[in-house]
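User: I'm new to reading protein structures, and I'd like to take a close look at one part of this one. Could you walk me through it in plain words, and then show me what lies around it?

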Amino acid sequence: MAPYQPLSRSVAGRTAIITGAASGMGRATAHLFAREGAQVAVTDLDQAACDAVVAEIVDAGFAAARGFALDVSDGAAIGRVVADIAASFGGIDILVNNAGVSSFCPLDGGQDYDVIWDRAVATMLTAHQRMVRAALPWLRKSDAARIINIASTEGLGATPGNTPYVAAKSGVVGLTRGLAVDLGKEGITVNCICPGPILTGMTAKVDDADKAVFARRRTALRRYGLPEEVAHMTLNLALPASSYVTGAIIPVDGGLMARNA
Ligand code: NAI
């Protein structure tokens, strides 16, 4: 019998880029990866907001994080900032495409609909493929390259009045499969997490009572999730040991997709 192969469950020393890392799931992921010894590029729209998360991480005793302002809907900025990050840390091993914006809009929303549609697709779909293509030269040099896309249960089903977001997130599910198939021969894994209702900046405006009713009616666990609970799934997919998981679409949703009634 072949000897047991001890695969690594550590991201220590690896470099991870996280988009939208100033808040919510991105911020929790930055904290977790830094605690696990990774070098973390904290990226978000605003440099001060990135630096604030870096300061939290450094205060917690984990020094290897740096902030980079990056609007992922700006195609030119992506190439420049990804190259800066790679130069600053000496490579890229892990890319977490997480940045997102709430994009509810009724179909008869008039001119606003097109504005919201364009922003949703630019930020949550086009940006993902641009980030991947920009990071590829360095991912190709890594011996455990990992891409994790954050979609949503709205990429698997649809809430009324949410078509721009549903379309963008469904696109991320398809993009993940396409990238996994194209990059598999190079050993680069590409997976997608579909969070359900999570307590983050995006859901902060939802009234607590409404949150409780929704969670009780729709999820198996009867509660919203914590951003850290999603971050741990992201970490699992980023591990060198997760080398045979690719093209997977994984709900982290408290059982929302499993529940019919
Ligand atoms: P959040 O609002 O707390 O964090 C999102 C971050 O993305 C913010 O810091 C924001 O500044 C950043 N961002 C927005 N547009 C950006 C841009 N153009 N360039 C760079 N950064 C940008 O929200 P949350 O919930 O942590 O969102 C993370 C991801 O999870 C998003 O893709 C969201 O669509 C997805 N998601 C959230 C769910 C929830 O219930 N909170 C459920 C399912 C998916």
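Which backbone oxygen does the side chain of Lys-211 reach, and at what distance?

Analyst: It's the backbone oxygen of Val-206, and the side chain of Lys-211 gets there at 3.1 Å. Keep in mind that you're looking at a predicted model. Now for the setting: Lys-211 is part of helix α6, which runs over residues 208–218. Is Lys-211 buried or exposed? With a relative accessible area of 9%, Lys-211 is buried, because that value falls under the 20% cut-off. Once you skip the neighbours within four places in sequence, the residues in contact with Lys-211 are Leu-199, Thr-203, Ala-204, Val-206 and Tyr-224.

Let's follow the chain onward to the loop between α6 and α7, where Leu-221 sits. Leu-221 has a relative accessible area of 55%, so it counts as exposed, the cut-off being over 50%. Leu-221 and Thr-153 are 68 residues apart in sequence, and their C-alpha atoms are 15 Å apart in space. Arg-222 belongs to that loop between α6 and α7 too. At 47% relative accessible area, Arg-222 is partly exposed, because 47% lies between the 20% and 50% cut-offs. Arg-222 also has a backbone angle to look out for: its phi is positive, about 60°, although it isn't a glycine. Most residues other than glycine have a negative phi.

Next stop, the ligand. It sits in the largest pocket. There are 30 residues around it, and the closest are Ser-23, Asp-44, Asn-98, Tyr-165 and Thr-200. The helices α1, α4 and α5 each supply at least two residues of that shell. Here are some polar pairs you can look for. Asp-44 has a polar side-chain atom 2.6 Å from an oxygen atom of the ligand. For Ile-198, it's a backbone N or O atom that comes in, lying 2.9 Å from a ligand oxygen. Thr-200 uses a polar side-chain atom, 2.6 Å from an oxygen of the ligand. How much of the ligand does the protein cover? On its own the ligand has 820 Å² of accessible area, and the protein covers 90% of that.

Tyr-165, one of the residues closest to the ligand, is found in helix α5. Its relative accessibility is 11%, under the 20% cut-off, so Tyr-165 counts as buried. Tyr-165 is in contact with Val-101, Ser-103, Ala-120, Met-124, Ser-152, Glu-154 and Met-202, leaving aside its neighbours within four places in sequence. Tyr-165 and Val-121 are 44 residues apart along the chain, with 7.8 Å between their C-alpha atoms.

Now find helix α4, residues 111–139, which holds His-128. His-128 counts as buried because its relative accessibility is 2%, under the 20% cut-off. Not counting residues up to four places away in sequence, His-128 touches Asn-97, Ala-99, Thr-123, Asn-149, Ile-150, Val-172 and Leu-175.

You'll find Val-72 in the loop between β3 and α3, and at 6% relative accessibility, under the 20% cut-off, it counts as buried.

Notes
Residues are numbered from 1 along each chain as its sequence is written. This is a predicted model: local features need pLDDT of at least 70, side-chain atom pairs count only at pLDDT 80 or more; totals for chains, interfaces and linings use all residues. Side-chain values use heavy atoms; hydrogens and water are left out. Helices (H or I, at least four residues) and strands (E, at least two) are DSSP runs, numbered from the N terminus. Buried means under 20% relative accessible area, exposed over 50%, partly exposed in between (1.4 Å probe, protein chains only). Contact means heavy atoms within 4.5 Å. A residue is near a molecule or strand if one of its heavy atoms lies within 4 Å of it. A polar contact is a pair of N or O atoms within 3.5 Å; within protein, one must be able to donate a hydrogen and the other to accept it, and residues adjacent in sequence count only if both atoms are side-chain atoms. Accessible areas come from the Shrake-Rupley method with a 1.4 Å probe; for residues, only the protein chains shown count as cover. On a 1 Å grid over the protein atoms alone, a cavity is a set of points where a 1.4 Å probe fits but cannot get out, and a pocket is an open set with protein on both sides within 12 Å along at least five of seven lines; lining residues have an atom within 4 Å of a point. A molecule sits in a cavity or pocket if more than half of its atoms lie within 2 Å of its grid points.
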